[in-house]
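Could you walk me through this model, one chain at a time, and then show how its parts come together? A short tour with headings would be welcome.

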Amino acid sequence: MTADTARGVPTAATPGRKARTAWPSRAGVRLLRLHAASRRVPTAIAAIAACAIGLRIALLGHWDTYGALQLPLVFEAGAGAAVAITTASPIGEPERVTGRWLPFLRLATALALTAAAAGALVAAGIGAHLAGGTLDVLRNVAGVTGIGLLCAAALGGGLAWAGPAGYLVVGAYALYTQWHHPALTTPWLWPARPPHDLGAAICAALVLATGIAVITIRGARDPIGE
Amino acid sequence: MTAVRAPAASRPVPAGRGPLRAAAQLLRLELRHNAMLWMLPVAIGLFWFTTYRKAMAMPPLWYPRAATLHGGTLLAFAFPVAGAAAWMGSRDARRRTTDLVTTTAQPRWVHLLVTWTATTCWAIVGYLGCVAILYGVTARQASWGGPLWWPVAVGAASLSALSAAGLAAGTLAPSRFTAPLVAVGAFFALALSTQPIQGSQSYWQISPVVSGPWDDGFDPGVATFYRYLPDLSIAQVMFLAGLTIAILGILALPNGRSGRWLRRPATVITTAGLLAAGTAVALAGTGKLDAHGMIAIPALHDAANDRPLRYTPVCSRTAIPVCLNPAYTSYLPATAAALTPVLNEIAGLPGAPARISQAAATYRQDAGNSISVGMAGPSLSGTPPVFRMLLPFQLPGPTMTTSEFAAAVRSTAGVDIVADVIGDGPGATPAQRAVAAALRTSAGLPEEVLRSAPTRQRPNGAIVPLPAPVRSAARRFAALPASARHTWLVRHLAALRAGRITLAQLP
């Protein structure tokens, strides 16, 4: 079956005018639901919620300054990894060939999950002492998710977590150097920059934009059988 | 090729070597297809970025570099090892081959053990490579001492435990989300496990990233005058080995992962592992900061490690020799140059030290994680008298440049040497204070430069301004030619120290 024939099938199968007008929304919703299910989006949302709850619980504890700064980064990396993992497709090549809407579905999934991750972690910090504040969370989640998406495109969705997890180590070390000089001040290590640092925000946004663009156009590199 | 030519089935295998050969072949296959192999570049890159660069910026001393290697390398390897092990553990579920593997001749537990062995082997190969590089470079730079192997053993045991934990998570909860959860969780657990440490008697010191008193940094004064104490490392290795055994034992417990006959020994193994780990945690809680800056655990302590190390000091060719522990040879020129003006002033005076010698620092646990570092006993003692001093980086503080180091030596040891020889202290007479001030000025240590550095005579760092008559007498004495000053001191120092000289009697 080719993409053209696949596109033709639903139209041919709907006889009445009413059915024809109702089709796009119902079919679209179904398509979205199926895409989300195939990418384990509900599990990713649960993982993001778990990260937010974990952060909230952790914030109840007593942390020194260094620990307090490092703590949100751990959960941000976890949430970013969860978003990146949803890029793994269990269907592979057949879906790429026939899925006309696939780029849009990938884009919608990545954007929605990134927004959900940022929102959940920001919400977790409300009323608690969240080091760095909301801007820090938004910037870090965006950047780490971008790294995860780029990793998914390069390594495959299943191993996309390696990027956020690796950046977590690098970011935590950059935070460490703020106490133990010489400090690392490059904006590419945004977790170590102040929340209002424009350069760091631009770098994180660039990484996210590139990651989303690459994932939208190419999708994750997924070996069949994984 | 036809099916007739396939040689595999007909080859006879000696009865005793069959299982071993099969296990070896399985291990070879696992080694070839293990995800940890592909994670090694990531781990080594993280090691270079977070640990190697930091260690190379430190003085070429074994303890600070070993402590940096210990904590840094473990954090760099934690997520790749745990993540790769979880990825390998969930492999059968991912490829939907669990049932296929379960029905083979070998119990599934054996397959998992082989997978764990392969993952751990690659992790330890990478880890030992990093250790070899860092220790190799340090061996070329360090002037004395040798590599510390206990921290390396703790690192290797940690990687085994991380690999077991990751494999167990991947096997018991196979999902595409397991590997990242385990990877991030491993980093979280290790990096933040030190947060609850309060003082040297904390059970949390069992955390494998801890190599000494927490929050003390990588003290360059530790393990140079006394042996490195392996007490805490032994407890950590015991904990990690117990944990590894317990986790691997747990993998044999559920139905389907092993034969029924394996369950009883697996239960015993798991229990033994948990007991070992629990005992190690209890032992870590009995640790105590010893006087030499390391954690001593009474049940694991070897009294032989409390004896000072023997060494031949390296000495300068100054008017009074300055002698340091050979580990600090690179600091000798700067130390000697900083003290030369003071030593020229006091050399040959009655009661002047015959030698300036570096002393070992003594450590005491204060409230929380704070530690006070000082020197036991008087600074000037013995016959002939020897002045004992601590180098500035033996005390807590930021890293120094060479010029900052020299300034700190001048304003601490330099001032103390003059004060000890002249008798300048809390009960000093005006004449003693005037002569001490004059000698400091002549040695390039006027009152203005002695602002903040605390010395033994000025523990809080404050300088009490000299009264006008004392200041005037000091200025007068300092204005004398060096030889006249020296001659007068040779004749009158004993009386001056005894408090029998008045300001008016000063030349």
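## Overall shape of chain B

Please keep in mind that this is a predicted model. Chain B holds 15 helices and nine strands. Its C-alpha trace spans about 115 × 45 × 40 Å along the principal axes.

Of the 507 residues in chain B, 47% are buried. Among the contacts in chain B with a separation of 6 or more, 76% come from residues 24 or more positions apart.

## Two domains

The domain assignment divides chain B into domain 1 (23–306) and domain 2 (314–505). Taken over C-alpha atoms, the centres of domain 1 and domain 2 of chain B are separated by 48 Å.

The two domains of chain B do touch: 22 residues of domain 1 are in contact with 15 residues of domain 2. On the domain 1 side of that contact, eleven residues are nonpolar, nine are polar and two are charged.

## Where chain B meets chain A

The contact between the chains takes 21 residues from chain B and 27 residues from chain A. On the chain B side, the elements that give two or more residues are α2 (35–56), α3 (62–89) and α8 (178–191). Helix α8(B) provides the largest share, with seven residues. By class, this side of chain B has 15 nonpolar, three polar and three charged residues.

## The nonpolar core

Phe187(B) turns up again in the largest nonpolar core, which has 218 residues. The residues with the most contacts inside this core are Leu121(A), Ala78(B), Ala82(B) and Phe187(B). Helix α3(B) gives the largest share of the core, 18 residues. Both domains of chain B take part, as the core draws at least three residues from each of domain 1 (23–306) and domain 2 (314–505).

## An open sheet

Five strands of chain B form an open sheet with mixed pairing, in the order β3-β4-β5-β9-β8. Which strands stand at the edges? They are β3 (314–315) and β8 (380–381) of chain B; each has a single partner strand, so one side of each is left without a neighbour in the sheet.

## A closer look at Thr362(B)

Thr362(B) lies in strand β6 (residues 362–365) of chain B. Is Thr362(B) buried or partly exposed? Thr362(B) counts as partly exposed because it has 17 C-beta neighbours inside 10 Å, and a buried residue needs 20 or more.

Not counting residues up to four places away in sequence, Thr362(B) touches Ala291(B), Gly374(B), Met375(B) and Ala376(B). Ser372(B) is ten residues away from Thr362(B) in sequence, with 8.3 Å between their C-alpha atoms.

Conventions: Residues are numbered from 1 along each chain as its sequence is written. Chains are lettered from A and ligands numbered from 1 in the order in which they are written. This is a predicted model: local features need pLDDT of at least 70, side-chain atom pairs count only at pLDDT 80 or more; totals for chains, interfaces and linings use all residues. Two residues are in contact if their C-beta atoms, placed from the backbone, lie within 7 Å. Helices (H or I, at least four residues) and strands (E, at least two) are DSSP runs, numbered from the N terminus. Ala, Val, Leu, Ile, Met, Phe, Trp, Tyr, Cys and Pro count as nonpolar, Asp, Glu, Lys and Arg as charged, and the others, Gly among them, as polar. A nonpolar core is a set of buried Ala, Val, Leu, Ile, Met, Phe, Trp, Tyr and Cys residues joined through C-beta atoms within 7 Å. A residue is buried if 20 or more other C-beta atoms lie within 10 Å of its own, exposed if 12 or fewer, and partly exposed in between; C-beta atoms are placed from the backbone. Domain bounds come from an automatic or database domain assignment. Two strands pair if DSSP finds at least two bridges between them.
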